[in-house]
Amino acid sequence: MDCCIIGTGYVGLVTGACLADMGHSVTCVDRDAAKVAALVRGEVPIYEAELEAVVRRNLDSGGLLFTGDIRSAVAGAEFVFITVDTPSDAEGNADLTHVDEVAREIAAALDGYKVIINKSTVPVGTTKRVERIIEESMRAHHEFDVVSNPEFLREGTAVFDFSNPARIIIGSDSQKAAMRMTALYRGLDAPLLITDPASAEMIKYASNAFLATKVSYINAIADLCEAVGADVREVSLGMGYDDRIGFEFLKAGPGFGGSCFPKDCRALLNIARENGYDFNLLQGVLVVNREQQERMVAKIERAAGGLQGTRIGALGLAFKANTDDVRESPAVAIVKMLLEKGAAVTVYDPEANDNAAEELAGAEFAPDAYAAVKDADVLVLLTEWDEFKWLDYGRVLSAMKSPVVVDTRNCLDPVVLRKLGFTYEGVGR
Ligand code: UGA
């Protein structure tokens, strides 16, 4: 089936490449000519496992094309995906400028029936809004349907997640469009929920906000565990065996970050406020998340015996492992607070150093983990990259000035470290 993807950001690129891998003919459009030129050469601008291989494979087979020409890409397609960014505006609302522009461009290019699919995370009501814009901007009348089809891809495992979805959500008032969408995804083995557009849009926000709630909940429990002498990892495990709770998203840490959870929680709060509901629970989730970063700084300060003039070796900047993304990264926020409190911080991340360079202008950047901890008073582990778990901690010990480790991800073994002579502090244990 012929698909056109508008916007080759994270979601667009993964969706386009994976649809091509399923055997569909896909044309991805972007107005950034340099980006299109790089993609045509098979160069993927983001760090995402397997993505470059999938892109190259489908470029070679001819199933995946990149272009700047939206008009002909839309004209040649039966399915048109909108995957442009919806950044937060100053009030925390999703900014729909790009979605609106694309809707007008699609309208100008319509030449027959098409299913127009919104995959960007957008406020409830956007499917209808896109429908209205297209109707108003169409030159000649053509039949079309707009469908909400939210994505649930996680950065770092997006290609796997596309092929192994927990569910496929199709929000449409049109039976014809819903049936076409069902045919498009026929190769994927997952429950398919066909619902109305508003519910589909809500499912995306409600899912992300719920997962964020789980993370804040376990971080609050971690704080209590420290007070009462319990170990939050044991508590998570014991809770997770209950199928009603599950093991996922119960890892205590420095708080959630990334381009989705914080933004989507704020957007859902605004949606609630605009509809006359005070979503205090979700407000609390964001408060706990901010406080968690502050708690980590206080923990580091205690471990170091003060921060003024203290040398800190910080391992990890990405908002989680296996990505180079530092958007709303708790690691970056914590390093910033440490710098503000007068610490000298040397940072290292296997993939995210460049992305954090501007925001952390006051920090020193090291080429590897051992260089980051050289002469440090405290080693602070901020992102759970595998390579930090397998460092030679004997070597780390001799490089540091004093043997103190604060592990904000609970990913190191305190027994091993203490045996080597380190003082170890985790989270909630
Ligand atoms: C999230 C959702 O998991 C995806 O389903 C969704 O499609 C995506 O947002 C999106 O809306 O585009 P992502 O932001 O890639 O995916 O990251 P997650 O793996 O969900 O992690 C989010 C944050 O929670 C990270 O900072 C992570 O470190 C933190 N986290 C996660 C914890 O602190 N503890 C946990 O147990 C799990």
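Student: How much area do domain 1 and domain 2 bury between them in this predicted model?

Tutor: In this predicted model, domain 1 and domain 2 bury about 2,000 Å² between them, and 50% of that area is on carbon and sulfur atoms. On the side of domain 1, Tyr 47, Thr 121 and Glu 155 lose the most area to domain 2, together 35% of what that side buries.

Student: Which residue ranges are assigned to the two domains, and what separates their centres?

Tutor: The domain assignment gives 2–195 for domain 1 and 201–429 for domain 2, and their centres, taken over C-alpha atoms, are separated by 33 Å. The contact takes 25 residues from domain 1 and 23 residues from domain 2.

Student: What makes Lys 204 and Glu 151 a salt bridge?

Tutor: The closest N and O atoms of Lys 204 and Glu 151 are 3.6 Å apart, and the cut-off asks for a side-chain nitrogen of Lys or Arg within 4 Å of a carboxyl oxygen of Asp or Glu, so the pair qualifies. The count between domain 1 and domain 2 is 2 salt bridges, while a search of the whole structure finds 27.

Student: Why is Arg 295 called partly exposed?

Tutor: Arg 295 has a relative accessible area of 23%; buried means under 20% and exposed over 50%, so a value in between is called partly exposed. Asp 223, at 34%, is partly exposed as well.

Student: What separates Glu 294 from Arg 290 within helix 12?

Tutor: Because they are 4 residues apart in helix 12, Glu 294 and Arg 290 are separated by about one helical turn, and they form a salt bridge whose closest N and O atoms are 3.7 Å apart.

Student: Is Cys 3 buried or exposed?

Tutor: Cys 3 is buried, because its relative accessible area is 2% and the limit for buried is under 20%.

Technical notes: Residues are numbered from 1 along each chain as its sequence is written. This is a predicted model: local features need pLDDT of at least 70, side-chain atom pairs count only at pLDDT 80 or more; totals for chains, interfaces and linings use all residues. Side-chain values use heavy atoms; hydrogens and water are left out. Buried means under 20% relative accessible area, exposed over 50%, partly exposed in between (1.4 Å probe, protein chains only). Domain bounds come from an automatic or database domain assignment. Contact means heavy atoms within 4.5 Å. Buried area is the accessible area (1.4 Å probe) that two parts lose on being put together, summed over both. Helices (H or I, at least four residues) and strands (E, at least two) are DSSP runs, numbered from the N terminus.
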